[in-house]
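Please view the sequence and the structure first.

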Amino acid sequence: MRKHLLTNLFVLGIFVISLNACNCNNSSENCDENTNCKTKSEMKYSKKYTNADFYKDGKFDEAVAMEAMKDMFEFYDVPFTPFMEKEVWVTDFGLGDFENVGMGGVFWVNDQEHNYFAHAIYLLPGQMIPEHAHVRTAFAPKFETWMVTKGWAYNFSEIGEEIPNGPAIPASHGAVKSKNWVVQQVGEIIHLKKEESFHFLMAGPEGAIVDEWACYHDNDGLRFTNPVAAL
């Protein structure tokens with residue numbers, strides 16, 4: 001009887017250990033070499049691609065750039081919808097440094113008649129949008145609001161006092177006018193400080209996915225600090 005009881009306890013112990021191991025392999029968790037499990041919320045996304053991946057014979061490889069974006073989408077559980085498959089774009093703005101200066105994006109809507117715009121901004125770890133402003137054309141200058149939904153970002157503006165100890169600006173971009181910055185975390189909402197003012201976003205080391213809302217985007221009103229940059 002005692003031997004039978006010990007056998008049952010041993011089998012039960014093996015079952016519990018197996019169950020824990022199974023749970024550790026759950027898609028929402030990650031196990032390291034010491035079998036310590038981390039939930040998805042405890043894990044951090046990090047850089048996986050460099051310019052060595054993004055450029056072939058000096059030419060920007062958009063397909064690889066899109067692979068990098070999809071990898072970030074998967075980590076952050078962002079569904080890659082049929083609309084996104086058709087409309088998502090990536091760009092290095094002609095600066096040849098997508099690892100550090102570039103972005104992905106999708107325009108959910110850009111309605112000239114009703115004067116509204118909705119955009120998702122996709123920034124890989126450490127990636128910067130070139131500094132720019134939106135000036136008046138036949139349309140009012142674009143006024144923007146941003147909310148980070150995944151990761152975090154530095155939000156830069158030329159309005160306000162210079163704040164020291166900011167992140168380094170990539171050499172491929174050059175000098176910037178915007179030296180007032182804040183760290184924008186998930187859920188935080190920031191508005192453009194002034195129409196036609198220069199500004200930009202730069203992702204932290206975990207990348208950033210940012211929702212943007214604005215009035216109609218007229219690309220003719222886009223002005224970059226770096227004269228080579230183009231969208």
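Lys47, with a relative accessibility of 40%, counts as partly exposed, and its salt-bridge partner is Glu99, with the closest N and O atoms 2.9 Å apart. The model is a predicted one, and a search of the whole of it finds 4 salt bridges.

- Glu99, at a relative accessible area of 17%, is buried, whereas Lys47 is partly exposed.
- Lys48 forms a salt bridge with Asp71, in which the closest N and O atoms are 3.2 Å apart.
- This second pair links distant parts of the chain, since Lys48 lies in the loop between E2 and H2 while Asp71 belongs to helix H3 (residues 62–75), 23 residues apart.
- Lys48 counts as exposed at 54% relative accessibility, whereas Asp71 counts as buried at 19%.

- Lys142 and Glu212 meet through their side chains in a salt bridge of 2.7 Å, N to O.
- Lys142 sits in the loop between strand E8 (132–134) and strand E9 (144–157) and Glu212 in strand E12 (residues 199–214), so the pair ties together parts that are 70 residues apart in sequence.
- Salt bridges with shared partners join Lys142, Glu144 and Glu212 into one network, and both Lys142 and Glu212 are buried.

- Asp111, which is placed in strand E6 (residues 103–111), is buried yet has no salt bridge, the nearest side chain of opposite charge being that of Lys142, 15 Å away.
- Apart from neighbours within four places in sequence, Asp111 is in contact with Tyr116 and Tyr216.

Note on methods
Residues are numbered from 1 along each chain as its sequence is written. This is a predicted model: local features need pLDDT of at least 70, side-chain atom pairs count only at pLDDT 80 or more; totals for chains, interfaces and linings use all residues. Side-chain values use heavy atoms; hydrogens and water are left out. Helices (H or I, at least four residues) and strands (E, at least two) are DSSP runs, numbered from the N terminus. Buried means under 20% relative accessible area, exposed over 50%, partly exposed in between (1.4 Å probe, protein chains only). Lys and Arg count as positive and Asp and Glu as negative; His and the chain ends are not counted. Contact means heavy atoms within 4.5 Å.
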